[in-house]
Structure formats: C-alpha cells, structure tokens
Amino acid sequence: MPTNVTAEYLAAEEEYRNAKTIPEKIRALEKMYATVPKHKGTEKLRLQIKRKLAELRRELEKQRAQKKGGGYSFSVRKEGAAQIVLAGLPNVGKSSLLKALTNADVDVANYAFTTVEPIPGMMHHKDVQIQLVEVPGLVEGAALGKGMGPQLLSVIRNADAIAIVVDLSQDPVKQMEILLREFERAGIKVNKRKPRVEIKRTASGGIVINGSENIKGDMREVMRMLREERIHSAEITVKEPVTLEEFADALDESLVWKRAIIVANKGDAPGSKENYERLIKTYGDRFKIVPVSARRKINLDKLKDELYELAGIIRVFTKSPGEEPAYPPVALKKGSTVMDLAERIHKDFAKNFRYARVWGKSVKFPGQRVGADHVLEDGDIVEIHAR
C-alpha cells in the first residue's frame, strides 16, 4: 500500500471492503482507480485494481447469463456497408435523427423512453448504404444491470462504430461522463487504439516474448498476468512500447475497441451555444463533434459526411475492359486490397487473378497495372484481369 494515497482513495477502499454485491464492488473500485495518485510507486496498485475490475465484470456477466437463460435479448442483423449505433441518454433526439437521416418509421415524442427496442434504418450516402441503429436511452448504471442496460450495450459492442448523441439544451459534459463510464464498464474502449501486442497460443514451448524491451514494467507482473489468463504456452510479440496496464488491456479478450463521434443535437435550443463550447473544450481533442438540429434539419448533410467517414469504408468502382465503370460501387473497409475486391466479386476472380488496372487516388498514373496486394482508396476504378 503506497503511503501517499489520498483521503478519497482511503474512503473508496473502505467502501469496497463493505460492499456486498458485485455492482457495489465495481463502483468502489472505480472510485479507487480514479483517486489513486499516478506515479511509478502506484503502478502495481493501479494494475491490480484494473485487473480486479475486469474479473468482477466477467463474473457479473456470467451471473446474468445464468439468470437470463433463454430470456429476452436484443440483436440487430448487420446490413449495408457498415452498422453505426446512435447511443445516448433518454430524450436527446435519437429518434428524430434516425428519421431525418434514414426516413425510418419511428415514433418521435418529447418524452423519455419513446423507443423501447433498437430500431434500424438505412442511410443512403455517396452511393452506399450505411445502417444506422437507434439504441433506446441508456441510464446511469446501465452496465451494472439497470434499465435493460446490458442488452442495449451488447448491441453497441457488436456495431462497427458509435455516434454518441447528446442534448445541447442540457449539460452535454455530464451526459458524456455518464455514457463513457457505462461504455468503460461494458468493456467498450471508445476512440482508443488497441495496443499492438500479438498473442499466438502454442501447444508447447512455454512463453516466448518478442520485443520484451517494449514492456515498461516488471516482467514478473507480466508473467503473473499471463498465468491469470491461463496462457501457459504462447509466442507474444510486443510491437510498440506499452505500460503494464496497456499490456493487460491487450490480454483482455472481453474488450472491444470502437470509433466514435459526438452528435450534438438540439443546436437551436436556448443555451446551446454555451453548452457546445463547453463540450468542445472538454472533449474536442478526443472526438469529432458535429452540431445539428434534427427538428429543424440543420447541418444534416455535414453529419452524413461524418458518419460516412466514421464507417471506415471506401467505394470502389469495377469495370470490364473497354467499358464504363459499373454502378453501384462496391463498399470495402479502408485498407482493403485488390484481392479483397476480387474475393467480394466472385471466388473465381480471386482464384484465377493475374493482375488489375487501377484509375484513381491509389495509383501514380491512370490505368496503372497493380498486383493483388495493392491497397485501394475511395473512388478508385478497378479492372481485374483473370486467367
């Protein structure tokens, strides 16, 4: 125990000792983690708290699964080029946004919990279809079981990205604090990059760590973490400098990493300008923030552009020799190659691939001949030549 912990930390520690339920223990541990001083001497303590939190969350999820059995759950089948959820507190205008962006048939009313289950709609933009899913309003304590929270957060975990909707007529900073805390409790890492640690389990040979010099911490802690995760034989490659906490995140298979933007709705409401400025000051470095008014349809074209960017997709047009590009384009994930496109079109194109010609931003000159591993960019035109 470090000797220079704060009174707030000691109070949270006492709260943890007195906690009787898993949600109570999680809340206390979160307070301990937030109040423990951050320096070299508390590194192991912070790691222990974080690992205990992860263990309790898994235990809570296991309890829910046993209790629920074949109970009610939500799931939304993915359609279109990508699936983006609209998530926020109750009555922030998610239904109005979904209706304005997709023309989905949704109930819109000025009271909380109008939406009681996830509702999908399809947004057509830049020649592609992107699925937007409105998630019913989250409440404080959602990840700990309140208000169908675990089922709703499961929908968010499975989506490709998150559009966090806040209400500028209320305190948007407070709304973000609640939502980010619930996301963190649910194992959703928002706008954070997964540490570049590659883990390949092996049948034998023990633990081999390549790049161990990149781990900034006690290797005995690393080995202890591996034992706790029941990893006894594996080849681990650490591709960048990581702290012990970052290494723990890389090991935790329950975590998901999601891109997100903030949609600042009700930008036409009294006091919205001041609230928007506070939001920018607090979260502008971490999130792209788009101010809109769903009710008056203000700035929705800009929002569509940002949602398209958030989806992480590119449009690629295909053509046959001597013909014009085909329409509509093929939607692929950013970073996709010519082979990815060939596989999407037909397995025979991939199997018999010889080369491709490309027109667009990814090549130096029009019609450049490229191989299967050539990385494509948005708007490229591709002509595949097969045997």
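Colleague: What makes β6 and β9 count as a pair, and in which sense do they run?

Modeller: In this predicted model, β6 and β9 (residues 234–238) share five bridges and run antiparallel. Two strands pair if there are at least two bridges between them, so β6 and β9 qualify. One spot to look at is Arg201, which stands opposite Ala234 in β9.

Colleague: Why is β6 called an edge strand?

Modeller: The sheet is open, with three strands in the order β6-β9-β7 and mixed pairing. β6 (197–201) and β7 (207–210) each pair on one side only, and they are the edge strands. Neighbouring strands here are turned by 15° against each other on average, direction ignored.

Colleague: Which helix packs on the sheet and touches β7 and β9?

Modeller: That's α7 (residues 219–228), whose direction makes about 130° with that of β7. Helix α8 (residues 244–251) lies across β6 and β9, at about 45° to β6.

Colleague: Over to Asp380. How do you know that Asp380 has no salt bridge?

Modeller: The nearest side chain of opposite charge is Lys361, 6.9 Å away.

Colleague: What makes the link between Asp380 and Ser362 a polar contact?

Modeller: Their side chains come to 2.6 Å, and the cut-off is within 3.5 Å, so the pair counts. Asp380 also touches other residues, including Arg315, Phe317 and Trp359.

Conventions: Residues are numbered from 1 along each chain as its sequence is written. This is a predicted model: local features need pLDDT of at least 70, side-chain atom pairs count only at pLDDT 80 or more; totals for chains, interfaces and linings use all residues. Side-chain values use heavy atoms; hydrogens and water are left out. Buried means under 20% relative accessible area, exposed over 50%, partly exposed in between (1.4 Å probe, protein chains only). Lys and Arg count as positive and Asp and Glu as negative; His and the chain ends are not counted. A salt bridge is a side-chain nitrogen of Lys or Arg within 4 Å of a carboxyl oxygen of Asp or Glu. A polar contact is a pair of N or O atoms within 3.5 Å; within protein, one must be able to donate a hydrogen and the other to accept it, and residues adjacent in sequence count only if both atoms are side-chain atoms. Contact means heavy atoms within 4.5 Å. Helices (H or I, at least four residues) and strands (E, at least two) are DSSP runs, numbered from the N terminus. Axes are lines fitted to C-alpha atoms, for helices over the stretch in contact, and angles run from 0 to 180 degrees between N-to-C directions. Lists of a residue's contacts leave out its neighbours within four places in sequence.
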